Amino acid sequence: MTSPTPLCAGRVVAVTGAGRGLGRAHALAFAAEGAKVVVNDLGVGLDGSGAGSGPAHQVVEEIRAAGGEAVAHGGDIATADGAASLVATALDSFGRLDTLVNNAGFLRDRMLVNLDEDDWDAVMRVHLKGHFLPLKHAAAHWRAEAKAGRVPEARVINTSSGAGLLGSVGQGNYSAAKAGIVGLTLVAAAEMGRYGVQVNAIAPAARTRMTEETFAETMAAPGEGGFDAMAPENVSPLVVWLGSAACAGVTGRVFEAEAGRITVMEGWRPGPTADKGARWSPAEAGETAVKLLAASETPQPVYGAR
(Lines give C-alpha, C1' and ligand atoms only; values in the text may rest on other atoms or scores of the structure.)
Protein backbone atom coordinates (compact mmCIF):
# COMPACT_ATOMS: atom_id res chain seq x y z
CA MET A 1 0.00 0.00 0.00
CA THR A 2 1.49 3.35 -1.04
CA SER A 3 1.41 6.28 1.33
CA PRO A 4 -0.76 9.26 0.34
CA THR A 5 0.90 12.15 -1.45
CA PRO A 6 1.64 15.00 0.97
CA LEU A 7 -0.94 17.78 0.62
CA CYS A 8 1.61 20.40 -0.47
CA ALA A 9 4.11 18.25 -2.35
CA GLY A 10 5.94 20.37 -4.92
CA ARG A 11 4.58 23.68 -3.62
CA VAL A 12 6.73 26.60 -2.49
CA VAL A 13 5.43 28.55 0.48
CA ALA A 14 6.62 31.84 1.99
CA VAL A 15 5.65 32.52 5.61
CA THR A 16 6.29 35.91 7.21
CA GLY A 17 7.06 36.18 10.91
CA ALA A 18 7.91 32.48 10.88
CA GLY A 19 10.67 32.46 13.46
CA ARG A 20 8.37 31.91 16.44
CA GLY A 21 4.80 31.20 17.47
CA LEU A 22 2.14 30.74 14.81
CA GLY A 23 4.48 31.47 11.91
CA ARG A 24 6.95 28.82 13.05
CA ALA A 25 4.12 26.30 13.48
CA HIS A 26 2.84 27.08 9.97
CA ALA A 27 6.30 26.74 8.41
CA LEU A 28 6.91 23.37 10.06
CA ALA A 29 3.43 22.13 9.14
CA PHE A 30 3.84 23.10 5.47
CA ALA A 31 7.23 21.37 5.36
CA ALA A 32 5.72 18.25 6.91
CA GLU A 33 3.22 18.22 4.02
CA GLY A 34 5.96 18.37 1.41
CA ALA A 35 6.29 22.11 0.77
CA LYS A 36 9.55 23.97 0.32
CA VAL A 37 9.45 26.92 2.70
CA VAL A 38 10.85 30.45 2.75
CA VAL A 39 11.06 31.34 6.44
CA ASN A 40 10.86 35.11 6.91
CA ASP A 41 11.59 36.72 10.26
CA LEU A 42 13.32 39.89 11.42
CA GLY A 43 13.91 38.47 14.88
CA VAL A 44 12.52 41.54 16.62
CA GLY A 45 11.20 41.82 20.16
CA LEU A 46 7.56 41.69 21.16
CA ASP A 47 7.23 45.45 20.57
CA GLY A 48 9.15 45.39 17.29
CA SER A 49 12.46 46.57 18.73
CA GLY A 50 15.82 45.02 17.87
CA ALA A 51 16.49 42.50 15.13
CA GLY A 52 18.36 39.26 14.58
CA SER A 53 18.49 36.43 12.06
CA GLY A 54 18.56 33.67 14.65
CA PRO A 55 14.88 32.66 14.82
CA ALA A 56 14.47 32.25 11.04
CA HIS A 57 17.63 30.19 10.72
CA GLN A 58 16.61 28.00 13.65
CA VAL A 59 13.31 27.13 11.95
CA VAL A 60 15.13 26.41 8.70
CA GLU A 61 17.43 24.02 10.55
CA GLU A 62 14.42 22.30 12.14
CA ILE A 63 12.87 21.77 8.71
CA ARG A 64 16.11 20.49 7.20
CA ALA A 65 16.72 18.17 10.15
CA ALA A 66 13.33 16.60 9.45
CA GLY A 67 14.26 16.05 5.80
CA GLY A 68 12.57 19.11 4.34
CA GLU A 69 13.78 22.06 2.28
CA ALA A 70 13.79 25.64 3.52
CA VAL A 71 15.68 28.92 3.28
CA ALA A 72 15.74 31.91 5.59
CA HIS A 73 14.75 35.46 4.61
CA GLY A 74 15.58 38.32 6.94
CA GLY A 75 14.11 41.22 4.97
CA ASP A 76 11.62 43.72 6.37
CA ILE A 77 8.40 42.83 4.56
CA ALA A 78 6.86 46.19 5.48
CA THR A 79 9.23 47.80 2.94
CA ALA A 80 8.93 47.51 -0.82
CA ASP A 81 12.47 46.13 -1.13
CA GLY A 82 11.94 43.58 1.64
CA ALA A 83 8.64 42.36 0.22
CA ALA A 84 10.07 42.13 -3.30
CA SER A 85 13.08 40.20 -2.02
CA LEU A 86 10.79 37.72 -0.25
CA VAL A 87 9.25 36.77 -3.59
CA ALA A 88 12.66 36.83 -5.27
CA THR A 89 14.08 34.49 -2.62
CA ALA A 90 11.38 31.93 -3.36
CA LEU A 91 11.97 32.17 -7.10
CA ASP A 92 15.76 32.13 -6.85
CA SER A 93 15.85 29.27 -4.34
CA PHE A 94 13.07 27.03 -5.59
CA GLY A 95 12.01 28.36 -8.99
CA ARG A 96 8.44 29.23 -8.07
CA LEU A 97 6.05 30.62 -5.44
CA ASP A 98 2.68 29.01 -4.79
CA THR A 99 1.54 30.22 -1.38
CA LEU A 100 2.04 33.32 0.74
CA VAL A 101 1.19 33.30 4.44
CA ASN A 102 1.15 36.82 5.89
CA ASN A 103 1.69 36.41 9.61
CA ALA A 104 4.29 38.91 10.86
CA GLY A 105 3.32 41.34 13.59
CA PHE A 106 3.92 42.74 17.05
CA LEU A 107 2.03 44.60 19.77
CA ARG A 108 2.18 48.02 21.37
CA ASP A 109 -0.90 47.96 23.58
CA ARG A 110 -2.27 51.10 25.20
CA MET A 111 -5.67 52.52 26.03
CA LEU A 112 -6.61 55.05 23.35
CA VAL A 113 -6.01 58.11 25.53
CA ASN A 114 -2.46 56.86 26.22
CA LEU A 115 -1.68 55.57 22.71
CA ASP A 116 1.19 57.49 21.10
CA GLU A 117 1.18 58.28 17.42
CA ASP A 118 4.41 56.33 16.96
CA ASP A 119 2.83 53.23 18.51
CA TRP A 120 -0.18 53.58 16.19
CA ASP A 121 2.05 53.96 13.14
CA ALA A 122 4.37 51.09 14.06
CA VAL A 123 1.54 48.57 14.53
CA MET A 124 -0.24 49.72 11.37
CA ARG A 125 3.02 49.40 9.48
CA VAL A 126 3.93 45.85 10.47
CA HIS A 127 0.42 44.38 10.35
CA LEU A 128 -1.37 46.23 7.55
CA LYS A 129 1.47 47.45 5.34
CA GLY A 130 3.29 44.19 6.11
CA HIS A 131 0.35 42.33 4.57
CA PHE A 132 -0.14 44.67 1.62
CA LEU A 133 3.41 44.74 0.27
CA PRO A 134 4.12 40.97 0.16
CA LEU A 135 0.64 40.46 -1.30
CA LYS A 136 1.28 43.14 -3.95
CA HIS A 137 4.60 41.65 -5.08
CA ALA A 138 3.40 38.05 -5.02
CA ALA A 139 0.24 39.01 -6.91
CA ALA A 140 2.26 40.84 -9.57
CA HIS A 141 4.31 37.67 -10.12
CA TRP A 142 1.21 35.48 -10.36
CA ARG A 143 -0.52 37.91 -12.74
CA ALA A 144 2.52 37.81 -15.01
CA GLU A 145 2.46 34.00 -14.90
CA ALA A 146 -1.24 33.94 -15.81
CA LYS A 147 -0.76 36.37 -18.69
CA ALA A 148 2.05 34.15 -19.98
CA GLY A 149 -0.37 31.23 -20.09
CA ARG A 150 0.84 29.59 -16.88
CA VAL A 151 -2.21 30.14 -14.65
CA PRO A 152 -1.12 29.29 -11.10
CA GLU A 153 -2.98 27.60 -8.27
CA ALA A 154 -1.82 30.36 -5.98
CA ARG A 155 -2.95 30.89 -2.41
CA VAL A 156 -2.69 33.72 0.12
CA ILE A 157 -3.56 33.34 3.78
CA ASN A 158 -3.76 36.59 5.74
CA THR A 159 -3.79 36.80 9.51
CA SER A 160 -6.52 38.86 11.14
CA SER A 161 -7.70 38.43 14.73
CA GLY A 162 -10.75 38.33 16.92
CA ALA A 163 -9.62 41.82 17.89
CA GLY A 164 -10.11 42.87 14.29
CA LEU A 165 -13.56 41.30 14.10
CA LEU A 166 -14.92 42.44 17.47
CA GLY A 167 -12.47 45.00 18.84
CA SER A 168 -10.27 44.59 21.91
CA VAL A 169 -9.94 46.96 24.85
CA GLY A 170 -6.45 48.40 25.06
CA GLN A 171 -5.62 47.38 21.49
CA GLY A 172 -7.07 50.14 19.32
CA ASN A 173 -4.10 50.16 16.94
CA TYR A 174 -3.94 46.37 16.66
CA SER A 175 -7.72 46.00 16.28
CA ALA A 176 -7.85 48.63 13.54
CA ALA A 177 -4.97 47.01 11.66
CA LYS A 178 -6.50 43.55 11.90
CA ALA A 179 -9.88 44.85 10.72
CA GLY A 180 -8.09 46.44 7.78
CA ILE A 181 -6.58 43.07 6.90
CA VAL A 182 -10.09 41.64 6.49
CA GLY A 183 -10.99 44.42 4.06
CA LEU A 184 -7.72 43.87 2.17
CA THR A 185 -8.47 40.15 1.95
CA LEU A 186 -11.90 40.73 0.39
CA VAL A 187 -10.55 43.15 -2.20
CA ALA A 188 -7.58 40.92 -3.10
CA ALA A 189 -9.83 37.89 -3.50
CA ALA A 190 -12.09 39.81 -5.88
CA GLU A 191 -9.24 41.32 -7.89
CA MET A 192 -6.93 38.32 -8.16
CA GLY A 193 -9.32 35.45 -8.83
CA ARG A 194 -8.98 35.88 -12.61
CA TYR A 195 -5.26 35.13 -12.27
CA GLY A 196 -5.67 31.87 -10.36
CA VAL A 197 -5.12 33.40 -6.91
CA GLN A 198 -7.29 32.59 -3.90
CA VAL A 199 -7.09 34.84 -0.85
CA ASN A 200 -8.49 34.00 2.58
CA ALA A 201 -7.92 35.13 6.16
CA ILE A 202 -7.75 33.45 9.54
CA ALA A 203 -8.49 34.86 12.97
CA PRO A 204 -6.46 32.53 15.19
CA ALA A 205 -6.38 32.13 18.95
CA ALA A 206 -3.20 30.55 20.24
CA ARG A 207 -0.40 30.93 22.76
CA THR A 208 2.30 33.18 21.32
CA ARG A 209 4.52 35.97 22.61
CA MET A 210 1.71 38.35 21.68
CA THR A 211 -0.98 36.60 23.72
CA GLU A 212 0.66 34.77 26.62
CA GLU A 213 1.09 38.00 28.61
CA THR A 214 -2.09 39.83 27.59
CA PHE A 215 -4.30 36.76 28.11
CA ALA A 216 -2.07 34.81 30.52
CA GLU A 217 -4.80 32.78 32.25
CA THR A 218 -6.58 31.79 29.04
CA MET A 219 -3.34 30.88 27.27
CA ALA A 220 -1.81 28.75 30.05
CA ALA A 221 -0.67 25.27 29.04
CA PRO A 222 -2.59 22.34 30.59
CA GLY A 223 -1.25 19.76 32.99
CA GLU A 224 0.64 16.77 31.71
CA GLY A 225 -1.39 14.68 29.29
CA GLY A 226 -4.13 17.26 28.70
CA PHE A 227 -5.04 18.69 25.30
CA ASP A 228 -3.10 21.92 24.83
CA ALA A 229 -5.96 23.92 23.37
CA MET A 230 -3.86 27.06 22.90
CA ALA A 231 -0.90 25.45 21.16
CA PRO A 232 -0.18 27.35 17.90
CA GLU A 233 0.14 24.01 16.11
CA ASN A 234 -3.65 23.62 16.38
CA VAL A 235 -4.16 26.49 13.92
CA SER A 236 -1.70 25.33 11.27
CA PRO A 237 -3.68 22.43 9.72
CA LEU A 238 -6.33 24.84 8.41
CA VAL A 239 -3.63 27.19 7.13
CA VAL A 240 -1.90 24.33 5.31
CA TRP A 241 -5.16 23.28 3.66
CA LEU A 242 -5.93 26.87 2.63
CA GLY A 243 -2.41 27.05 1.20
CA SER A 244 -2.81 23.90 -0.87
CA ALA A 245 -4.44 23.16 -4.21
CA ALA A 246 -7.04 21.10 -2.33
CA CYS A 247 -9.03 24.20 -1.30
CA ALA A 248 -10.02 25.04 -4.88
CA GLY A 249 -12.96 27.47 -4.97
CA VAL A 250 -12.52 28.79 -1.43
CA THR A 251 -11.69 32.49 -1.52
CA GLY A 252 -12.65 35.74 0.19
CA ARG A 253 -13.52 33.93 3.42
CA VAL A 254 -12.51 34.46 7.05
CA PHE A 255 -12.07 31.55 9.45
CA GLU A 256 -11.64 31.52 13.21
CA ALA A 257 -9.28 28.75 14.32
CA GLU A 258 -8.76 27.85 17.95
CA ALA A 259 -7.95 24.57 19.71
CA GLY A 260 -10.02 21.92 17.90
CA ARG A 261 -12.57 24.41 16.56
CA ILE A 262 -12.90 25.95 13.08
CA THR A 263 -15.57 28.58 12.45
CA VAL A 264 -16.55 30.31 9.21
CA MET A 265 -16.98 33.95 10.19
CA GLU A 266 -19.86 35.85 8.61
CA GLY A 267 -19.28 39.58 8.39
CA TRP A 268 -21.41 42.67 7.88
CA ARG A 269 -24.79 41.91 6.33
CA PRO A 270 -27.90 44.08 6.00
CA GLY A 271 -30.11 43.74 9.06
CA PRO A 272 -33.45 45.38 9.86
CA THR A 273 -34.16 48.23 7.44
CA ALA A 274 -36.69 51.06 7.14
CA ASP A 275 -37.18 53.19 4.03
CA LYS A 276 -39.36 56.32 4.21
CA GLY A 277 -38.87 57.13 0.56
CA ALA A 278 -38.01 60.68 1.56
CA ARG A 279 -35.63 62.51 3.90
CA TRP A 280 -36.01 61.83 7.62
CA SER A 281 -36.06 64.53 10.24
CA PRO A 282 -33.45 63.97 13.00
CA ALA A 283 -36.21 63.00 15.45
CA GLU A 284 -37.76 60.57 12.95
CA ALA A 285 -34.35 59.07 12.16
CA GLY A 286 -33.68 58.53 15.84
CA GLU A 287 -37.07 56.97 16.52
CA THR A 288 -36.65 54.66 13.53
CA ALA A 289 -33.10 53.69 14.52
CA VAL A 290 -34.30 52.69 18.00
CA LYS A 291 -36.97 50.44 16.50
CA LEU A 292 -34.47 48.85 14.09
CA LEU A 293 -31.99 48.23 16.91
CA ALA A 294 -34.70 46.54 18.94
CA ALA A 295 -35.30 44.14 16.04
CA SER A 296 -31.61 43.46 15.42
CA GLU A 297 -29.29 40.85 16.88
CA THR A 298 -27.28 41.88 19.93
CA PRO A 299 -23.62 42.31 18.94
CA GLN A 300 -20.97 40.20 20.57
CA PRO A 301 -19.04 41.98 23.33
CA VAL A 302 -15.71 43.64 22.63
CA TYR A 303 -12.77 41.57 23.90
CA GLY A 304 -11.72 42.76 27.33
CA ALA A 305 -14.81 44.95 27.83
CA ARG A 306 -15.81 45.46 31.43
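Residues are numbered from 1 along each chain as its sequence is written. Because the model is predicted, local features require pLDDT of at least 70 and side-chain atom pairs count only at pLDDT 80 or more, whereas totals for chains, interfaces and linings use all residues; side-chain values rest on heavy atoms, with hydrogens and water left out.

Secondary structure is taken from DSSP runs numbered from the N terminus, with helices (H or I) of at least four residues and strands (E) of at least two. Helix 2 comprises twelve residues, 54–65, and spans 16 Å from its first C-alpha to its last, close to the expected 16 Å; the expected span is 1.5 Å times one less than the number of residues. Residues are classed by relative accessible area as buried (under 20%), exposed (over 50%) or partly exposed (in between), with a 1.4 Å probe and protein chains only. The buried residues of helix 2 include Pro-55, Ala-56, Val-59, Val-60 and Ile-63. These residues lie on the same side of helix 2, because they cover an arc of only 140° around the axis, the arc being that of the directions from the helix axis to the C-beta atoms. Among the elements covering them are helix 1 (21–32), strand 2 (36–40) and strand 3 (70–73). Gln-58 and Ala-65, both exposed, are carried on the face turned away from the buried side. Gly-67, which follows helix 2, has a positive phi near 95°.

Strand 2 also contains Asn-40, which is buried at 3% relative accessibility. Contact is defined by heavy atoms within 4.5 Å. When residues up to four places away in sequence are not counted, the contacts of Asn-40 include Val-15, Thr-16, Gly-17, His-73 and Leu-86.

Ala-122 belongs to helix 4 (residues 117–147) and is buried, with a relative accessible area of 14%. Beyond its neighbours within four places in sequence, Ala-122 contacts Phe-106 and Arg-108. Its C-alpha atom is separated by 9.9 Å from that of Tyr-174, 52 residues apart along the chain. In helix 9 (residues 282–295), Ala-295 is exposed at 58% relative accessibility.

A nonpolar surface patch is formed by Met-111, Val-113, Val-169 and Val-302, with about 360 Å² of accessible area together. Patches consist of residues with over 30% relative accessible area and no salt bridge, like charges being joined within 9 Å and nonpolar side chains (Val, Leu, Ile, Met, Phe, Trp, Tyr) within 5 Å. Areas were calculated by the Shrake-Rupley method with a 1.4 Å probe; for residues, only the protein chains shown count as cover. Val-169, in the loop between helix 5 (162–166) and helix 6 (172–192), is partly exposed at 35%.

A salt bridge is assigned when a side-chain nitrogen of Lys or Arg lies within 4 Å of a carboxyl oxygen of Asp or Glu, and the count comes to 13 salt bridges. One of these joins Arg-64 and Glu-61 (3.6 Å, N to O), which lie three residues apart in helix 2, about one turn. Arg-64 is partly exposed at 43%, as is Glu-61 at 47%. Asp-98 pairs with Arg-96, the closest N and O atoms being 2.7 Å apart; Asp-98 is buried at 5%, while Arg-96 is partly exposed at 42%. Glu-266 and Arg-269 form a further salt bridge (4.0 Å, N to O), and both residues are exposed. Salt bridges with shared partners join Arg-24, Glu-62 and Glu-233 into one network.
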